[in-house]
Amino acid sequence: QVQLVESGGGLVQAGGSLRLSCAASGSIFRINVMGWYRQAPGKQRELVALIISGGTTTYADSAKGRFTISRDNAKNTVYLEMNSLKPEDTAVYYCNANVRPTPRPYEYDYWGQGTQVTVSS
């Protein structure tokens, strides 16, 4: 089993910054993709940013230019630096990891429990 533990959420004023962290632990041979998703009340969960093991990143249009995703492969940890936050960024942010638990070619998706980010106007 693999556990993802997020931290760093909270309440911030518009224009402020937050840094989210997500640490993976458990049976891990390799983590292929790590990412952040978010879900606002009454809306579907949506992609915020992804980063693959080699460092290539993908961002939602809403995150481009404001958010930066990074990872520390040695620590199995992914980060999301969020700047110039807006009230519409308010959501529960979830960490996701695509993990290969053993050298065998099978991967599984895991989710964190979510961390609340609230941006006040």
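Over the ring of which residue does the charged end of Arg 45 sit, and how far from its centre? The charged end of Arg 45 sits over the ring of Trp 111, 4.7 Å from its centre, where a charge is taken to sit over a ring if NZ of Lys or CZ of Arg is within 6 Å of the ring centre and within 35 degrees of the ring normal. Arg 45 also lies over the face of Tyr 94, at 3.7 Å from the ring centre.

The structure is a predicted model, in which local features need pLDDT of at least 70 and side-chain atom pairs count only at pLDDT 80 or more, whereas totals for chains, interfaces and linings use all residues. Residues are numbered from 1 along each chain as its sequence is written, and side-chain values use heavy atoms, with hydrogens and water left out.

Trp 111 is partly exposed at a relative accessible area of 39% (buried means under 20% relative accessible area, exposed over 50%, and partly exposed in between, with a 1.4 Å probe and protein chains only). A search of the whole structure finds one aromatic pair, and since the rings of Tyr 37 and Trp 111 have their centres 5.0 Å apart and their planes at 65 degrees, the pair is edge-to-face. For rings of Phe, Tyr and Trp (its six-membered ring), pairing requires centres within 6.5 Å, and planes under 30 degrees apart count as stacked, over 60 as edge-to-face and the rest as tilted. The pair links distant parts of the chain, with Tyr 37 in strand β4 (residues 30–39) and Trp 111 in strand β10 (residues 108–111), 74 residues apart; strands are DSSP runs of E with at least two residues, numbered from the N terminus.

Four strands form an open antiparallel sheet in the order β1-β3-β8-β7, two strands being paired if DSSP finds at least two bridges between them. Strands β1 (2–7) and β7 (67–72) stand at the edges with a single partner strand each, so one side of each is left without a neighbour in the sheet. Within this sheet, β3 and strand β8 (residues 77–82) run antiparallel and are joined by six bridges, and the bridge partner of Ser 21 in β8 is Tyr 79.

The side chains of Arg 19 and Glu 81 also connect these strands, through a salt bridge whose closest N and O atoms are 3.7 Å apart, with Arg 19 in strand β3 and Glu 81 in strand β8, 62 residues apart. Both ends are partly exposed, Arg 19 at 46% relative accessibility and Glu 81 at 29%.

Six salt bridges are found in the whole structure, each defined by a side-chain nitrogen of Lys or Arg within 4 Å of a carboxyl oxygen of Asp or Glu. Arg 66 and Asp 89 meet in one of 2.7 Å, N to O, and both residues are buried. Salt bridges that share partners join Arg 38, Glu 46, Arg 66 and Asp 89 into one network, in which the closest N and O atoms of Glu 46 and Arg 38 are 2.7 Å apart.

One disulfide is counted, under the criterion of cysteine sulfur atoms within 2.5 Å; it is formed by Cys 22 and Cys 95, with their sulfur atoms 2.1 Å apart. Cys 22 lies in strand β3 (residues 18–26) and Cys 95 in strand β9 (residues 91–100), so the pair ties together parts that are 73 residues apart in sequence. The link is left-handed, with -80 degrees about the S-S bond, and both Cys 22 and Cys 95 are buried at 0% relative accessibility.
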